[in-house]
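Dear colleague,

I am passing on the structure that follows, together with some notes on it. Please read the notes with the coordinates open beside them.

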Amino acid sequence: MRQRKNPVIISPAIDDSYKKFTSRNPQNNTSSSGPYKVFSICLVTRIINSLLVQTYFNPDEHWQALEVAHRIAFGYGHLTWEWKKGIRSYLHPVLFAALYKTLAFLRLDSPWFMLRAPRLVQSIFAAVGDLYLYKFSQALLVTMLLLGLDSSHTREFILLALLANIVWSKSMWFKKVCLGLSGMCYCYSATSAITWVYVGFLELLMTRDKLKFVLLEVIPIGGLVLGLTFLLDRQLYGSWVIVPINFLKFNFFSSGGDYYGTHAWHWYITQGFTVMLFTYLPFSVAGVVMSKEWKLPGLIVWVLGTYSLLGHKEFRFVLPVLPVALLFSGYSLANLGKCELSKRKVKESSSSHKKRSLKPQLAVFFLLVTNFPMAIYMSMIHQRGTEDVMHYLSNEAREDKVKSILFLTPCHATPYYSTLHHNIPMRFLDCTPSEEKGIIDESDQFLNDPLGFAIKLARNWTQPSHIVLFDSQEKPLKEFLVSHHYSEVQRFFHAHFKVDRELQASVVVYALQRQ
């Protein structure tokens, strides 16, 4: 059995050095019922959150997971260009495909269940991630005051929370499971290797028999996971496709991701990650300074620095390390409370003590006031129109009122068959990256000249029964729509302010009038 340096457990009642935030000094004296209680609270919170979410965050949450799963389960659904190039693995969509098959078998594949069931399943995974983040923080003597407020973990973070426990766990079985899960995450997204390389390197440093660890654990477990994933992709692609290699070729060696926009090298540091932390930022910085811990801050710096080398940047790329930064926020708040308790030993007036004891409560209140309203707004109001319109069309299709749909919107602006759940003709504007420079895709052509593009499109179309578009393109197309016998049948609120394009305040549905 592989040996490693075991951490020394120091009881707070004996030694006050427990206040130092370090992986060499874990505290494992919690009751066995604690984790179950934490998991129950997190699970209930996540389920409520999944039911409250009404908005559209990123196209990939539908087009790279649910849409693919719907195609596997029901035989129809759109595969984007990434699947034609073989840079996505079926490992992630298969999970939701199994869920869809189960819903169909139980005859529960109604619009509500098709929309909510994947999020409910995801809430279970998120709760598991919360639990292991709690255990991880507990091992590092961090009080997780803010655990329930982080409302957007990804599958990668869930596996990160599990894998991070490798470095501090003494259970060989648990370590093997976590190594397997890290391999799964790499198969799901090759860029996750950026995170796993760092955490794995820490484990390697703490292992005495490094060669044995690599040869008897990392290679066999990693090889098994990769091999099974390759077999799964072989079955669903119909040929041998090595997804991680294709992914790296496109995104790193050819900078294919730059097609969707680039940012300055410092974007994550000056804008991206700082905006994600928002009012937690000063508490996270204070926690890092107070902790004198280098491993976790090093992980954050490593991830932000590596992703900064890529031209194309998005908030979600660095989302897995957001909870790590929040650990330090929790530590700084917990330390603030401990300082207040320690001051009780000092003689002072009751009024001055009462005044200082309000600091932790005021800090938590400040974080709640600045984050909770925003969380509600982003989850239930901002960019909800594209979700609402598909739910509406799905119900209309069930009543046989929708025959075909044309989306005159930027590509992937709405969910697709996975939400509609009816096999009717639909068309959206393509935005597949061109191998030739200077070629503008359909989506950009439409945004540059909505009317000209629509007139050209109508020359060879099979006239759809419904057209979906944003209000920002509605005005130039008004006469075109009327001349082709379309009239507005429904309008959905979408957003109060613009994000990366002009303001898209509402989503409008036009229907062909019977003559």
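Predicted model: local features only at pLDDT ≥ 70, side-chain atom pairs only at ≥ 80, totals over all residues.

Residues are numbered from 1 along each chain as its sequence is written, and side-chain values use heavy atoms, with hydrogens and water left out.

The protein has 21 helices and 5 strands, taken as DSSP runs numbered from the N terminus (helices H or I, at least four residues; strands E, at least two). Of its 515 residues, 49% count as buried, which is to say under 20% relative accessible area, with exposed over 50% and partly exposed in between (1.4 Å probe, protein chains only). Among contacts (heavy atoms within 4.5 Å) with a separation of 6 or more, 73% are between residues 24 or more positions apart.

The largest nonpolar core has 32 residues, and F273 and V318 have the most contacts inside it; such a core is a set of buried Ala, Val, Leu, Ile, Met, Phe, Trp, Tyr and Cys residues joined through side-chain atoms within 4.5 Å. Several helices each supply at least two of its residues, including helix 5 (111–139), helix 11 (267–277) and helix 14 (322–342), and helix 14 gives the largest share, 7 residues. Leaving aside neighbours within four places in sequence, F273 is in contact with Y268, I300, L304, V318, V321, L322 and A325. A second, separate core of 25 residues includes W63, Y76, V402 and F428.

Helix 17 (residues 385–398) is largely enclosed by the rest of the structure, because 11 of its 14 residues are buried; among them are E387, D388 and E396. Its end C-alpha atoms are 20 Å apart, which agrees with the 20 Å that its 14 residues should span at 1.5 Å a residue, the expected span being 1.5 Å times one less than the number of residues. Just after helix 17, D400 takes a positive phi of about 60°.

Strand 5 (residues 506–512) is mostly covered, with 6 of its 7 residues buried. Strands count as paired if DSSP finds at least two bridges between them. Strand 5 runs antiparallel to strand 3 (residues 466–470), to which 5 bridges join it, and L469 has V508 as its bridge partner there. Strand 5 is also antiparallel to strand 4 (residues 486–493), with 7 bridges, and V509 stands opposite Q490.

With best regards
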